[in-house]
Amino acid sequence: MTSAPMAVPESKRAAVSVEREKLLDIERGKGLGILLVVYGHLVMQGTLGEQAWYQATKSAIYTFHMPFFMYLSGFVFFFTGAHNALDRNFSQFFAKRFDRLLIPFIVMCLINVFGKQIAETFVHVDDGVSGFWQGPWAVISNSPNNPTISIWYLLVLFVYSVLTPILWRLSSRQIGILFLFSLAIFFIPASERFYVARILSYFVFFAAGMLSCKYSEYALNIFSRYIILWLVVFAAALYIGRSFPYWLLLCGAASIPFLHALVKLPIFENDKILLWFGQNSMVIYLFNTIFIGIAKGIYVKILPYHGPWFAFMVVILMLAGTLLPILAKLALQAVPMAGPIYKYVR
């Protein structure tokens, strides 16, 4: 016999509703970000006759889409009070972050590595795996042939989640000191091996999100009031692009005020599409490359992909990379026994 659910006080329900309302712009930002992520994964460089227009747009997106995602993650991290995890049960906090971020990373790495080995015997596979043991080692060491580099964000975000509360304490809880530290380590030369370069390079955007959240009343007002200026700055940064030595910092920083102001525009107040994609960003991030790979393997067997057909293929792969993961999530939700799996994609 099950007990009746505990009633939630009206005041608490109202507070939760207000908190969620405050983050709707963040959810829409995640929706925009995940669409950009999927677009960048559609065709690997140098494969399937990648056309100039796709190569140019993908190259531009790669200069800012993950910095913007890290900014959003830092905003939520500070908003939820996770930076003060040392003041609470840090071991429990660590376990939850491990379960939420590192377990999906490990599982998806195994699925990608061994799935690609099997798929290579039947269809075309981008960024394939050379051997049974080489695949997992490539993932761990982040060697140039890493078959699961597309989900590096989960590992790096886990590192930030665990270290940021410690750094927050060491910085005497001063967000300015933490931000300056994050900016300083950006310029430290580091190898891509074992994800060191990514950990050092993206923390500045995570800290920028924390900074923006702490002073959100002022920061978001400045973002929205001067959106045209931020658009010009962002466009100029994209124009300069990779010709600038620190292009990631330039384009990433320029994207933040414009893109955050963009999703706060009145036109998006009643938007459900970006919100929907944002709420499903985790499952899309985990599974988009798998469904893109399956769709691509089928597509190239039955349809051409050169000339004008390339654009048609891009549309098909975009639909596969965004909608099929959500359908998979709904299927898992409908299966009672899939609860332990569903919790990682909700």
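**Close-up views of a predicted model**

Five salt bridges are counted in the structure, which is a predicted model.

View 1. Residues three or four places apart in an α-helix point the same way, because the helix has 3.6 residues a turn. Lys-30 is partly exposed, its relative accessibility being 22%.

**View 2. The salt bridge of Asp-87 and Arg-173.** The two side chains meet at 3.0 Å, N to O. Asp-87 is in the loop between α4 and α5 and Arg-173 is in the loop between α7 and α8, so this bridge ties together parts that are 86 residues apart in sequence. Asp-87 is partly exposed, with a relative accessible area of 44%. Arg-173 is also partly exposed, at 35% relative accessibility.

**View 3. Backbone of Arg-173, a residue with positive phi.** Arg-173 is not a glycine, yet its phi is positive, at about 60 degrees. The residue is found in the loop between α7 and α8, the latter helix spanning 175–186. The side chain of Arg-173 is the one that meets Asp-87 in a salt bridge.

**View 4. Arg-198 with Glu-192 and with Trp-152.** The side chains of Arg-198 and Glu-192 form a salt bridge of 3.0 Å, N to O. Arg-198 counts as buried because its relative accessibility, 17%, is under the 20% limit. Glu-192, with a relative accessible area of 37%, is partly exposed. Salt bridges with shared partners also join Asp-87, Arg-169 and Arg-173 into one network. Besides its bridge to Glu-192, Arg-198 lies over the face of Trp-152, 5.0 Å from the ring centre.

**View 5. Lys-214 over the face of Tyr-215.** Lys-214 is placed at 5.6 Å from the centre of the Tyr-215 ring.

**View 6. The stacked rings of Phe-94 and Phe-98, from a count of 31 aromatic pairs.** The structure holds 31 aromatic pairs. In the pair of Phe-94 and Phe-98, the distance is 6.4 Å centre to centre and the angle between the planes is 25 degrees. The pair is stacked because planes under 30 degrees apart count as such. Phe-94 and Phe-98 both lie in helix α5 (residues 90–119), four residues apart, or about one turn of the helix. Phe-94 is partly exposed at 33% relative accessibility. Phe-98 is likewise partly exposed, with a relative accessible area of 30%.

**View 7. The edge-to-face pair of Phe-94 and Phe-158.** The ring centres of Phe-94 and Phe-158 are 5.6 Å apart, and the planes stand at 65 degrees, so the pair is edge-to-face. Phe-158 is buried, at a relative accessible area of 9%, whereas Phe-94 is partly exposed at 33%.

**View 8. A cluster of aromatic rings.** Ring pairs link the members of this cluster, which are Phe-77, Phe-90, Phe-93, Tyr-160, Phe-203 and Phe-206.

**View 9. Tyr-195, a buried residue with positive phi.** The phi of Tyr-195 is near 65 degrees, a positive value in a residue other than glycine. Tyr-195 is located in the loop between α8 and α9, where α9 covers 196–214. Its relative accessibility is 2%, so Tyr-195 counts as buried.

**View 10. The buried face of helix α3.** Helix α3 (residues 52–61) has Tyr-54, Lys-58 and Ile-61 as its buried residues. Down the axis of α3, these residues fall within an arc of 60 degrees, so they line one face of the helix. The elements covering them include α2 (24–41), α4 (65–79) and α15 (309–334).

Methods: Residues are numbered from 1 along each chain as its sequence is written. This is a predicted model: local features need pLDDT of at least 70, side-chain atom pairs count only at pLDDT 80 or more; totals for chains, interfaces and linings use all residues. Side-chain values use heavy atoms; hydrogens and water are left out. Rings of Phe, Tyr and Trp (its six-membered ring) pair if their centres lie within 6.5 Å; planes under 30 degrees apart count as stacked, over 60 as edge-to-face and the rest as tilted. Helices (H or I, at least four residues) and strands (E, at least two) are DSSP runs, numbered from the N terminus. Buried means under 20% relative accessible area, exposed over 50%, partly exposed in between (1.4 Å probe, protein chains only). A charge sits over a ring if NZ of Lys or CZ of Arg is within 6 Å of the ring centre and within 35 degrees of the ring normal. The arc is that of the directions from the helix axis to the C-beta atoms. Contact means heavy atoms within 4.5 Å. A salt bridge is a side-chain nitrogen of Lys or Arg within 4 Å of a carboxyl oxygen of Asp or Glu.
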